[in-house]
Each structure stands twice: as structure tokens, then as C-alpha cells.
Amino acid sequence: MPNPIGNVRQKVKIAAGLFWADYAVLGAQVQELEAAGVDWLHIEVRDGTYMDFGMPRGGFDIIEAVRKSTSLPIEAQLQMVRPSFDVFRQLADLGVDLITLPVETMAELTMQAITFIKDALDLKAGVWAWQGVPIAAFEQYLLPFVDIIEYESRAHFWVKETGKSPHTMDPIMVENIHRLHTMILDAGLEERIDLMEDGGLNAGNVAEFIEAGMTVGEFSSPLLKGPDGKYQPGIGQIEAAVARLRAVMDKASDTYRNEDGLISSQQKR
């Protein structure tokens, strides 16, 4: 199967986030996600400094274990303070296919890092940011530089887990995705740059993001946990979760998109 990253299609794609994986059965969960038909795996790689977590998460050992369990593309979304070129080389050696960089901390190094990832390592490259970073901050990184832009909704991770996503989906996030899609469309790159909403998505709200121009959704809790806790492999929970989500997304894709992209955008041209 061709690498789907940066290859925009009529059907909106699923990036399965492993934030809510059960790491006691990680390999089996990854294999079930692949068998159920997700498009790639999204791993958040933290240095323990970028965000106020007690310790790093999603380290190189996790990526190594995931690589051994799947043939799907793997994304390393770096939640780090100014990661070095050596970090990028190590990620490439571990079999990562896409590295996404935090706009907030990379600052003036962002363009150099993107160039290195694509030219020296021959990997896909993207940029991402949390809600609150101005939309205009992404404009400098459009083609020939990035394969994907990701925008993440705010989250209150410090609240005790209740079985729901910690993300809060503010109405402005739909408008943010619409504005990012317009930026990509105006650059003539709708077929070549993926646009991801990261976090807070579920079967109840994903259609409005697809209507706004999202081409890939990142999901973790909708695929890996329910009201009674994390899904366990071998009993059909993960397969059923992917199927429920895919059905809603395919219906919205058929309503709002065709092979040339977002239908509403074509009507305005």
C-alpha cells in the first residue's frame, strides 16, 4: 500500500494515536488497529520539558516496539524543546516515516529541520501546534516544505481520567481548520498537503471537521478506551471502534468531498 501521508484522497484518513494504548499489550493493540484499517500510527514523543508532565512519554523504546508490530507508517509527533538533528537520525533508524515538528519551540530552526528531514533522511515532514498558536504561523511551511499540517485542540490532562478524551473541542477549532484548508487551497496544494485535527475528535463531531477541510483525523481514546477502561485485544473492541468511526467518516467524505478535494471549495472557484 502506498504511503498515505501527504497523499490527499477523497476518503478522509484515520491516524491512530497511541496515547491511550495499554502498554502491557501494545503490540497486540497495534496489530488490531492495522487489521481494522487505520491509515497510520501517531506517537507523541515527549522530552519531559515541553509540557508539564511528570516524566517523558512515547520514548524511542516504544517506537521500536511498535515498528516490530506493524507495517503501517509511523508518525513521531515531537513534543520537545528544540529537538536536534541527532534525534531525527535516531527516529529514522527506528523506522519512523513522518516527523512532525512543534512550531512553538523550533522557532527559527523549523525550516532547517524540515529540510534536513526530507533531504538527508528522505522522510515525510510536518509541522504542528496547539490551539492558540496563530494560524498564520503555518504559512511559511507550505510546499515544497511539508507533507502535513496538524492543529491540536486544548486539553486538561491534569483532570482525573473519566473514560472520556481530556480534550475540549471549542467551536473555534472548526473555523481554524477551515482557515488552514483555505491557506492550503490558495497555495494550490490541496492534493499534496494533509490537514489534521489532532485530539478531541469522535464520531459525533468528526463530520463538521471533514466539511471544513480536514483530510486526516487523529484519534486515540475513541479507538482504545471506553467507559469501562482501555480496550483489550482479542475480543473485537478495537475492530468495532475503528469500524464505527470509519463508517461515519466515509459517509461525511462522500457528502463533502470528491476526487478533486472539498466540494464546497470547487463551487467557489
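Visitor: What makes both faces of S3 count as covered?
Guide: Ile74, Ala76 and Leu78 on one side and Glu75, Gln77 and Gln79 on the other are all buried, where buried means under 20% relative accessible area with a 1.4 Å probe, protein chains only. For strand S3 (residues 74-79), that makes 6 of its 6 residues buried. This is a predicted model, where local features need pLDDT of at least 70, side-chain atom pairs count only at pLDDT 80 or more, and totals for chains, interfaces and linings use all residues. Residues are numbered from 1 along each chain as its sequence is written, and side-chain values use heavy atoms, with hydrogens and water left out.

Visitor: How do you know that S3 pairs with S4?
Guide: Pairing takes at least two DSSP bridges between two strands, and S3 and strand S4 (residues 98-102) have 3, in the parallel sense. Alanine 76 sits opposite isoleucine 99 in S4. Strand S2 (residues 40-46) also runs parallel to S3, joined by 6 bridges, with glutamate 44 opposite glutamine 77 in S3.

Visitor: Why are H3 and H5 called roughly parallel?
Guide: Helix H3 (residues 85-93) and helix H5 (residues 110-120) pack at about 30°, axes 11 Å apart. Angles under 35 degrees count as roughly parallel, so H3 and H5 get that label.

Visitor: What makes the contact between them?
Guide: Phe85, Phe88 and Arg89 of H3 and Gln112, Ala113, Phe116 and Ile117 of H5, contact meaning heavy atoms within 4.5 Å.

Conventions
Axes fitted to C-alpha atoms, helices over the stretch in contact; angles between N-to-C directions. Helix = DSSP H or I, 4+ residues; strand = E, 2+ residues; numbered from the N terminus. Parallel < 35°, antiparallel > 145°, perpendicular 65-115°, else oblique. Buried < 20%, exposed > 50% of the residue type's maximum accessible area, 1.4 Å probe, protein only.
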